[in-house]
Amino acid sequence: MGDGSANMPRAGGSEPFGMPPPQERQPRARWPESRHYAALDLGTNNCRLLIARPQGGGFAVVDAFSRIVRLGEGLATSGRLSDAAIERTLAALKVCAEKLKRRNVTLARSVATEACRQASNGAEFIERVYRETGIALDIITAEEEARLAVLGCHALLEPGDGPAIVFDIGGGSTELVLVDSQVPVPRILDWHSAPWGVVSLTEAVGEAAPGAHGLADLYADMCARVKASFAPFADRLQPPVGTPRLLGTSGTVTTLASVHLGLAAYDRSAVDGLIVPTQAMREVSTRLAGMTLAERGQVPCIGSERADLVVAGCAILETILDLWPAQRLGIADRGIREGILRRLMNGRML
């Protein structure tokens with residue numbers, strides 16, 4: 001299983017991409033490192049592709065693609081993926097399909113998360129994607145999403161005693177994972193998926209009333225909703241042993257870290273693996289929450305594409321910081337895609 005066989009079933013969304021019939025196939029490459037693997041993560045807000053080849057104990061990135069598609073826009077009120085969101089997403093996926101063909105990918109896995117889990121037309125959308133792009137999307141569970149995120153970013157956890165929390169703030173949901181990191185691949189002790197991500201929470205609370213009080217009330221509303229959704233997980237948590245550790249993977253934490261650093265433009269090399277005092281992240285969150293939409297749009301690394309969603313991300317992050325009182329926050333610009341690649345390269349399809 002996981003050897004790239006052309007006879008492998010497509011179940012689970014893992015499949016050889018663009019492979020010729022057996023009689024036309026060339027002999028297998030002598031060096032496994034020459035094989036290209038791909039992972040595609042279609043979230044509620046973003047479409048992200050990573051193509052890599054094995055290198056040493058990890059992998060080297062060959063190509064990448066990321067685009068904000070807002071697939072889950074309007075989902076909270078309609079229960080469906082809108083026509084406009086579908087068309088935006090299909091356009092991005094066609095770019096991904098072209099990259100997969102051009103890079104001669106041996107094995108790929110493509111996953112879809114909360115928006116497709118929730119939408120009444122999610123399965124219909126998945127079928128259309130396959131017809132028009134050849135990409136077989138697998139709608140994964142929240143638990144699988146959490147496991148892949150941990151697998152993809154756990155290397156950035158600070159050393160320490162006791163369990164740590166890894167979290168992923170998405171567009172439609174937030175995953176919290178309590179892990180034992182005393183083993184090479186962290187063991188999951190507990191996990192929780194909350195139905196609030198930056199898109200779903202933004203749409204649920206609506207627009208702020210005019211003035212500073214309106215902005216403050218909206219932010220308080222967001223934080224209260226997120227706290228309530230975290231309550232079952234909070235009730236199960238034991239007081240942390242040793243020094244509490246936190247690692248976040250998502251556009252929210254990478255964006256807020258960029259603002260903290262004062263970057264003029266996003267720089268992955270400066271952000272991935274960064275350790276930030278949690279108080280500094282709180283200060284950035286509070287400052288952004290007090291700005292108008294226009295003001296947030298002028299902040300470098302936020303801009304107009306993220307200006308309306310970043311406050312929800314701030315509220316979710318601050319609620320996580322209340323839940324797990326770490327003094328420092330690890331920032332990861334890696335997650336589900338990297339987790340998928342590691343599984344594929346280790347011969348595990350699912």
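A: Two strands pair if DSSP finds at least two bridges between them. Helices (H or I, at least four residues) and strands (E, at least two) are DSSP runs, numbered from the N terminus. This is a predicted model, where local features need pLDDT of at least 70, side-chain atom pairs count only at pLDDT 80 or more, and totals for chains, interfaces and linings use all residues. Residues are numbered from 1 along each chain as its sequence is written, and side-chain values use heavy atoms, leaving out hydrogens and water.

Q: In which sense do S10 and S12 pair?

A: Strands of a sheet pair through backbone hydrogen bonds, either parallel or antiparallel. Here strand S10 (residues 245-249) pairs with strand S12 (residues 328-332) in the parallel sense, over four bridges. Look for threonine 249, which stands opposite alanine 332 in S12.

Q: How many bridges join S8 to S9?

A: Seven bridges join them, and the two strands run antiparallel. A hairpin of six residues links S8 to S9, and glutamate 175 has serine 193 in S9 as its bridge partner.

Q: What is the strand order in the open sheet?

A: The six strands follow the order S9-S8-S7-S10-S12-S11, with mixed pairing. Strand S9 (187-194) and strand S11 (275-277) are the edges, each pairing on one side only.

Q: Which strands does helix H7 touch?

A: Contact means heavy atoms within 4.5 Å. Helix H7 (residues 212-236) packs on the sheet and touches S7, S8 and S9.

Terms used. Axes fitted to C-alpha atoms, helices over the stretch in contact; angles between N-to-C directions.
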